[in-house]
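Have the structure open while you read.

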Amino acid sequence: MTVFGIGFVALVPFMAAVPAAAAAPDCPLARAPYSSRLPVADIVVDPAAQDVLEQVAPEVLEPFSETGRYGRHPTFARITTPEKLLSALPYGAARTAALDAALAPIRVTPAASRARCARYDSEPPELPDTIERPSMLVFDKITGFRDAPSVDAAQAAFERMAQARGWGLFRTDNAAIFNPRDLRRFDVVVWNNVSGDALTIDQRAAFRSWIEQGGGFAAIHGSAGDPVYFWDWYIDTLIGARFLEHTGQPHFQAARVVIDDPESWIVRGIGPDWTMTEEWYSFKSNPRTAGAHVLATLDETTYDPISRRGEDLRMGDHPIAWTRCVKNGRSFYTAIGHRPESYVEPHSAILLERGIAWAMGIGDTHCRAGREKQGSARGKLDPQR
């Protein structure tokens, strides 16, 4: 067996040995059987499973070689699967079936489980004794694709708005902060271009409970931009739409953003539309049909919605920013945010700041039992907006 037989050196960090005695968090895929639906990185932790990939479906590993498409970004192996990669090939279904049959007999060893869980956090960070209220927790743990310029520009924008409004702010990439005690100290959790599965089973449960009982959530761009997700509640309920692809011909394009609900407090007074340059996302389904309150859409006649591979990404009705009620919790998402310039573009900056404020409980509506109701969740409108 040749462990790195096709130039797969790029994935060495994922295959590093984990001490047998190491205590690992109970991550969601710790004991998931080997199959084409696992992240590539969670398959190659076992040499026997990687050997199957090399023998049965070498096309899965080639993009991560030194000369492959993801050679410089090996962490893509955490956010895609063999099934996803093979689906683009004309013989993909047959190759996927063969791979599943070959992987099925391989037992998930304790060492493999520990290696899969090594990227998850178990010890929470130390919080300050006091945090100004209302407060925002900015979370930027990225185990998949990290675009540092967008993450840094977003963080600078959060700091500006917190200072201007007198909000408390705590930033961390430690997912162990998602526990009942620490979450109680915040009014909104902001996911800053998070990519890759981040929370253990217990952390997921704590976060979901906090949201459903009235917490606030805001997510930016890449926080809903992975090709594959392994937490259905997060992407289907909290966000409300699964990423399809983004523009690729060319990558960044100027497009017209249209305000869908000019009466919404979040976008009131911004104007009917504006034009800006971005990496434009398309989604597999329309969040409006799943109950989202759409704030802004894209005018698809003003740009070329074609992917890097030539796929037509038109949605017709194309939401780009929206809110959702998740039981008593508030969720805001904007797909704008890849280019650092987007965080200082005036219309986009207002959309982002007010969206976060609404998720925090400021505004003229709140969420109750999954429905948007009139009246601020904090009892009064924010005097600054």
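Helices (H or I, at least four residues) and strands (E, at least two) are DSSP runs, numbered from the N terminus. This is a predicted model, so local features need pLDDT of at least 70, side-chain atom pairs count only at pLDDT 80 or more, and totals for chains, interfaces and linings use all residues. Residues are numbered from 1 along each chain as its sequence is written, and side-chain values use heavy atoms, with hydrogens and water left out.

**A loop aspartate**

Let's start with D197, which sits in the loop between β3 (188–192) and α9 (201–212). Is D197 buried or exposed? D197 is buried, at a relative accessible area of 14%; buried means under 20% relative accessible area, exposed over 50%, and partly exposed in between (1.4 Å probe, protein chains only). Once neighbours within four places in sequence are set aside, D197 is in contact (heavy atoms within 4.5 Å) with P28, Y120, T143, R204, F230 and W231.

**Charged pairs**

Next come the salt bridges, where a side-chain nitrogen of Lys or Arg lies within 4 Å of a carboxyl oxygen of Asp or Glu. The whole structure has 23 salt bridges.

Take R208 and E212: they are 4 residues apart in helix α9, which means about one helical turn separates them. R208 is partly exposed at 36% relative accessible area, while E212 is buried at 16%.

R268 is partly exposed, with 37% relative accessible area.

Elsewhere, salt bridges that share partners join R208, E212 and K327 into one network.

Now for the gaps. On a 1 Å grid over the protein atoms alone, a cavity is a set of points where a 1.4 Å probe fits but cannot get out; a pocket is an open set with protein on both sides within 12 Å along at least five of seven lines, and lining residues have an atom within 4 Å of a point. Grid points are joined across faces, edges and corners, and a volume is the space filled by probe spheres set on the points.

The largest pocket holds about 930 Å³ of space. Its lining has 38 residues, with R69, Y70, F76, E245 and R308 nearest the centre. Which element gives the most to this lining? That's β5, with 4 residues.

The search also turns up 2 cavities of 30 Å³ or more. The largest cavity has a volume of about 150 Å³, and D197 shows up again here: G196, D197, A198, Y229 and Y234 lie nearest the centre among its 16 lining residues. The second largest cavity has about 40 Å³ of space and is lined by T334, I336, G337, S342, Y343, S348 and L352.
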